[in-house]
Amino acid sequence: MTKTKASDTQVASTGAQPALKPGDEAPSGTTGTGEDVCPDCNGKGRIDGAPCETCGGSGTVTRAIGGA
Ligand SMILES: [Zn+2]
């Protein structure tokens, strides 16, 4: 197992922004958004034994709520 400075830098730069899952409509914590059960896996986080891509396996997605 080796650790390189290059990979550390890459992770830091990509980690600056919140990762959006495919099913997310907005970054987590955004005003006017809320967590909802993933429509693809119905909150299980898995489909046929494989992690759900829509919610990243968490079972929930961030959706815009309200009528803003
Ligand atoms: Zn899902």
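**View 1. Cys41 and its contacts in the predicted model.** This model is predicted. Leaving out residues up to four places away in sequence, Cys41 touches Arg46, Ile47, Cys52, Thr54, Cys55 and Gly59. Two of these partners, Cys52 and Cys55, also sit with Cys41 in the largest nonpolar core.

**View 2. The largest nonpolar core.** Five residues make up this core. They are Cys38, Cys41, Cys52, Cys55 and Val61. Across the protein chain, 12% of the 68 residues count as buried.

**View 3. Ala64 in strand β4.** Strand β4 covers residues 60-64, and Ala64 belongs to this strand. Ala64 counts as partly exposed because it has 14 C-beta neighbours inside 10 Å; a buried residue would need 20 or more, and an exposed one 12 or fewer. Setting aside neighbours within four places in sequence, Ala64 is in contact with Glu25, Ala26, Gly32 and Thr33. Take the pair Ala64 and Glu25: they are 39 residues apart along the chain, yet their C-alpha atoms are separated by 6.1 Å.

**View 4. The whole protein chain.** Along the sequence, the pattern reads α-β-β-β-β. Among contacts with a separation of 6 or more, 46% join residues 24 or more positions apart.

**View 5. Confidence along the chain.** The mean pLDDT of the protein chain is 81. A value of 70 or more is reached by 69% of the residues. Confidence is lowest in helix α1, residues 5-14, with a mean of 52. Confidence is highest in strand β2, residues 46-47, at 97.

Methods:
Residues are numbered from 1 along each chain as its sequence is written. This is a predicted model: local features need pLDDT of at least 70, side-chain atom pairs count only at pLDDT 80 or more; totals for chains, interfaces and linings use all residues. pLDDT is the predictor's confidence in each residue, from 0 to 100. Helices (H or I, at least four residues) and strands (E, at least two) are DSSP runs, numbered from the N terminus. Two residues are in contact if their C-beta atoms, placed from the backbone, lie within 7 Å. A nonpolar core is a set of buried Ala, Val, Leu, Ile, Met, Phe, Trp, Tyr and Cys residues joined through C-beta atoms within 7 Å.
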